[in-house]
Amino acid sequence: MSASVLSSGGGAVVDALVAHGVDTVFGIPGTHNLAIYAALEASSIKHVTPRHEQGAGYAADGYARLSGRPGVVVTTTGPAILNASAAAAQAYSDSVPVLFIAPGMPSDHPSGYNGLLHEVRSQIDAMSAVVAHAQRVTSVAEIPHAVAQCFAAMTTGRPRPAYLEIPLDLLEAQAEVVAEAPVVVPSIVPAESVVAAAAEVIASAQRPLIVAGGGASRATAEVLAFAEKFDAPVVTTANGKAVVREDHPLALGAGVPLEVTLDLVRDCDVVVAVGTELAPADWWWGPMPATRLVRIDIDPLAVATNAIPEVAVVGDAAAVLADLTERLAPVTGRADSGADRAAAWRPRLIEDARTIGAAYVGLAESLAEVLDDDAVIVADQTMSCYYGLMGNLPRYAPRSFMYPSGLGTLGYSLPAGIGAMVSTPGRQVVAVIGDGGVMFSLPELATAAQAGIALPVVVVDNGGYGEIRNEMVDRDETPIAVDLPTPDFAGVARALGCHGVDAASYAEVGPAVREAFAADRPTLIYVREPAV
């Protein structure tokens, strides 16, 4: 049993983070969280200071997506943690484990509003609305246990964000504290009868298909082994992109958002969906057509959402797929092999992707020439990414296309790119963002410059909010409030301590990115979208 030590509340927070293997924290100091910062300064934890708390949240999200370890955000009270709440909601939407830590009103604070600095009527309720787990401690001694509970909540089952609130007076208070070891999270194992039923449906397939989502991205070896044994093509969502290398004979890329994929599903007799909600945000052209469906998911609430499966297998994707692969007999008697079927459908998916992404195919081709196989594209919610790069830039490693799906926030990619680079130094990371979205997080260029990271930030300019402009036109309405003047983005980047490059065409973007990888600081590369 661990011995107790005298600690401040702030020290207890930091000691508990260290005990859980945290090596980096993203945040901004404020009047009410200085006790945490005093302890951080004396700890082994690296601190990255963004220029806005929302940027801190996106950076922690990028850190978590690429590294597989929970990201951590520390803010102060009131407006600071509310600034980070959009990032918390995005992390929830995309199943990303990020711990948000903030002081709350003092433990003896009046029940009615009295105007204390940064007071929010109910900060814990506000954050509870956007995370999966939220709690407020009531003593300094409780802090190690609360941190352990938050980490357990984030890493058990479906990963999602958590919020920990500590009354600001407790951060300064001293008390005897007992360290608490991280909870050992068990693997979720489905019942034998359920796996057997799934195997029976799978074995009956003549024209099978695997649909892989972000929940499969930590089970790439198992997905590939299952696909090869099952002899089935694999199509993915945006966040499942490159779960199977996109040059593999069975790979059909991130085709779920394409209209032709509905025909692909209709041509199949069994679909195995792994780690995906089958959500409307992924299936742009309507719900996945009805077919015999086996779903594998860690989340018992999601496994029958959006499409009711014939067999629902609740469990860890890697373990379930390994079990199913072991059970399957070699495939015989099918009219066409999985590779032949993939080869027949691949040109149709490529044509569809190039059609909707016509304005950005040149950008994809230019980037493809300079990227390593495991290079990471951190995409924003922008046309150049979801119409362009998602379907037209092949990727070859899981989590190499990080995209804010579901909630669909703007301004994500720049700070998330910072977090990704901090988590995995030495790996190529490129942030791609639109001229509208970059204005949501442009000050984070200064964060990247201060961190001294060689992050290329590609800004694709379509004159404002291009997607919304198009939607207004489609409604036969006059576009309003969507056209934005173009600042000197390269000049702004230089003013914030970065390199700035104006590319005359997409052909110049790739070479500029190559130079940016070798630079001594971030590089913003500005390019205007060509007329198509």
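Arg327 and Asp323 sit four residues apart in helix H11 (residues 317-327), about one turn of the helix; helices (H or I, at least four residues) are DSSP runs numbered from the N terminus. The two form a salt bridge with their closest N and O atoms 2.8 Å apart, a salt bridge being a side-chain nitrogen of Lys or Arg within 4 Å of a carboxyl oxygen of Asp or Glu. This is a predicted model, in which local features need pLDDT of at least 70 and side-chain atom pairs count only at pLDDT 80 or more, while totals for chains, interfaces and linings use all residues. Residues are numbered from 1 along each chain as its sequence is written, and side-chain values use heavy atoms, with hydrogens and water left out.

The whole structure holds 20 salt bridges, including these:

| Pair | N to O distance |
|---|---|
| Arg327 and Asp323 | 2.8 Å |
| Arg266 and Asp263 | 2.8 Å |
| Arg348 and Asp263 | 3.5 Å |

Arg348 lies in helix H12 (residues 338-356) and Asp263 in helix H10, so this pair ties together parts 85 residues apart in sequence. Arg266 and Asp263 both belong to H10 (residues 260-266), three residues apart. Arg266 is exposed at 53% relative accessibility, whereas Asp263 is partly exposed at 33%; buried means under 20% relative accessible area, exposed over 50%, and partly exposed in between (1.4 Å probe, protein chains only). Arg348 is also partly exposed, at 38%.

A network of salt bridges links Asp61, Arg65 and Asp94.

Note on methods
Helix = DSSP H or I, 4+ residues; strand = E, 2+ residues; numbered from the N terminus.
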